[in-house]
Amino acid sequence: MKSVLCGLLLAAATAPALAAADSPATYIQAGRLLADPGTGRVETAKTIVVKDGRIAEIRDGYVGEGKVVDLRDAFVMPGFIDSHVHITGESNPNERSEALSKSATDSAFDGVVFAGRTLRAGFTTVIDLGGEPQAIYGLRDAIAAGKVEGPRIIAAGGVAAHGGHGDIHGYRQEILDLYRSPTLCSGADDCARAVRQAIQSGADVIKTASTGGVMSNTAAGLGQQMSDAELTSLVETAHRLGRKVAAHAHGTDGVNAALRAGVDSIEHGTYLDAESIKLFKAKGSYLVPTLLAGDTVKKRAETAEWMPAPVRAKARKVGPLMVDALRRAHKAGVKIAFGTDSGVSAHGDNAQEFALMVEAGMTPLETIRAATVSAADHAGLTSEIGTLAPGKAADIVAVKGDPLTNIRALETTAFVMKGGAVAKPVQ
């Protein structure tokens with residue numbers, strides 16, 4: 001009986017592998033291939049063999065039969081990673097009323113639309129840093145199960161201070177009490193409780209806000225809003241439970257407090273200073289610049305009458321400063337991960353961030369690294385994504401033209417594949 005049972009178990013274990021071995025491969029013929037942006041080496045006339053959602057091998061020359069994707073006139077790279085999005089919503093004139101009228105289901109369906117646009121723009125992985133929990137966790141899981149087309153989602157649970165950025169503002173107290181997140185906190189112990197609750201609810205990472213925010217409808221400034229003790233408790237609790245922490249931070253005091261507490265990334269970092277740079281390098285934390293958000297709100301503040309006055313005032317001030325913050329951080333050798341804060345800007349326009357990063361002094365290759373190799377490291381997914389190599393997920397994007405000489409070539413994709421599935425056929 002034991003030998004029969006072992007035989008059945010072996011057959012069950014090997015049957016999928018045998019079936020997989022019979023599945024057809026896809027041959028992607030690449031005219032120019034940047035398989036590893038870390039090296040910057042561009043190869044010509046290569047064929048990427050994709051099988052069962054992964055890269056099986058990369059061959060010299062143009063080979064293949066059956067399922068062949070002809071990208072011989074294109075520039076081929078790993079799929080991009082956006083380390084800061086809000087994929088279940090998008091800023092618009094009705095967003096204040098929609099915050100009260102839309103259900104989690106409504107937000108999830110909006111997310112389906114925005115996820116498709118994001119994927120077709122070449123972004124095969126995103127980190128979502130704040131959305132209605134049921135909506136974003138449900139969308140994440142539906143995409144992972146293959147029920148919905150979109151980028152793989154790493155979804156955050158938000159933990160922030162009562163009354164700070166991350167809370168809601170500008171409504172009657174009864175409404176604030178009704179819609180306030182259960183993972184807001186006051187005091188170190190309460191922040192530890194909120195982290196545990198967010199993780200229990202399904203958070204892959206923790207998003208906090210150590211400072212005020214531009215888009216908060218309150219004139220509370222952009223300085224530190226969470227105490228050092230709250231930040232330390234939050235980070236220590238998240239790390240004990242195997243979760244990274246991303247900290248929204250604009251003001252210098254809040255940037256440095258979050259870095260001292262050990263956060264894994266600073267989102268925005270507008271007023272970072274020399275001490276911030278020392279802390280970034282000592283802690284190994286990433287800066288996620290989100291220049292597109294700054295550029296978007298700066299322009300919108302001049303034309304959008306629906307933008308609340310406190311938001312407009314902060315947008316006019318902060319937007320122009322973000323490029324300079326990245327310039328100084330990059331020059332000093334701070335680790336940079338690509339992120340847009342899309343949802344503030346339009347989903348699908350994510351690649352516009354590349355040109356803004358070049359404006360801040362990065363080379364085109366460095367911006368591509370930030371959206372691939374560096375962002376994969378930041379996400380903890382280096383073994384899966386970020387480069388094109390045998391065994392890794394077949395996340396592949398192609399553009400016409402040469403993005404190493406014209407970074408705006410990345411703003412129009414010619415082909416997108418995620419996990420071996422074609423999301424955008426050859427254009």
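The questions below set values against definitions.

Trainee: What should I know about the model before we start?
Mentor: The model is predicted, so local features need pLDDT of at least 70 and side-chain atom pairs count only at pLDDT 80 or more, while totals for chains, interfaces and linings use all residues. Residues are numbered from 1 along each chain as its sequence is written, and side-chain values use heavy atoms, with hydrogens and water left out.

Trainee: How many helices and strands does the protein chain have, and what makes a run count as one?
Mentor: The protein chain has 15 helices and 16 strands.

Trainee: How do you know that the span of helix H6 agrees with its length?
Mentor: H6 covers residues 188-201, which is 14 residues. The expected span is 1.5 Å times one less than the number of residues. That gives 20 Å, and the end C-alpha atoms are 20 Å apart, so the two agree. Just after H6, Gly202 takes a positive phi of about 130°.

Trainee: Why are the buried residues of H6 said to line one face?
Mentor: The buried residues are Cys191, Ala192, Ala194, Val195, Ala198 and Ile199. Seen down the axis of H6, they fall within an arc of 160°, so they line one face. The arc is taken from the directions from the helix axis to the C-beta atoms. The face turned away carries the exposed residues Asp189 and Gln200. Buried means under 20% relative accessible area, exposed over 50%, and partly exposed in between (1.4 Å probe, protein chains only).

Trainee: What do the buried residues of H6 pack against?
Mentor: Their partners are helix H4 (133-144), strand S7 (152-161), strand S8 (184-185), strand S9 (205-209) and helix H7 (228-240). Contact here means heavy atoms within 4.5 Å. The buried residues of H4 in turn pack against helix H3 (104-120), S6, S7, H6 and strand S15 (413-418).

Trainee: What makes Thr124 buried?
Mentor: Thr124 has a relative accessible area of 1%, so with the limit at under 20% it counts as buried. Thr124 is in strand S6. Among the residues it touches are Phe80, Pro151, Asp395 and Met417.

Trainee: Why is the pair of Phe80 and Phe123 called tilted?
Mentor: The structure holds five aromatic pairs. In this one, the ring centres are 5.4 Å apart and the planes are at 50°, so the pair is tilted. Rings of Phe, Tyr and Trp (its six-membered ring) pair if their centres lie within 6.5 Å; planes under 30 degrees apart are stacked, over 60 edge-to-face, the rest tilted. Phe80 is in strand S5 and Phe123 in strand S6, 43 residues apart. Phe80 and Phe123 are buried. Together with Phe338 and Phe354 they form one aromatic cluster.

Trainee: What puts Arg72 over the face of Tyr62?
Mentor: Arg72 lies at 5.5 Å from the ring centre. The rule asks for NZ of Lys or CZ of Arg within 6 Å of the centre and within 35 degrees of the ring normal.

Trainee: How do you know that strand S4 pairs with S1 and with S14?
Mentor: Pairing takes at least two DSSP bridges. Seven bridges join S1 to S4, and these strands run parallel. Four join S4 to S14, which run antiparallel. Val76 in S4 stands opposite Leu33 and also opposite Ala398 in S14.

Technical notes
Helix = DSSP H or I, 4+ residues; strand = E, 2+ residues; numbered from the N terminus. Lists of a residue's contacts leave out its neighbours within four places in sequence.
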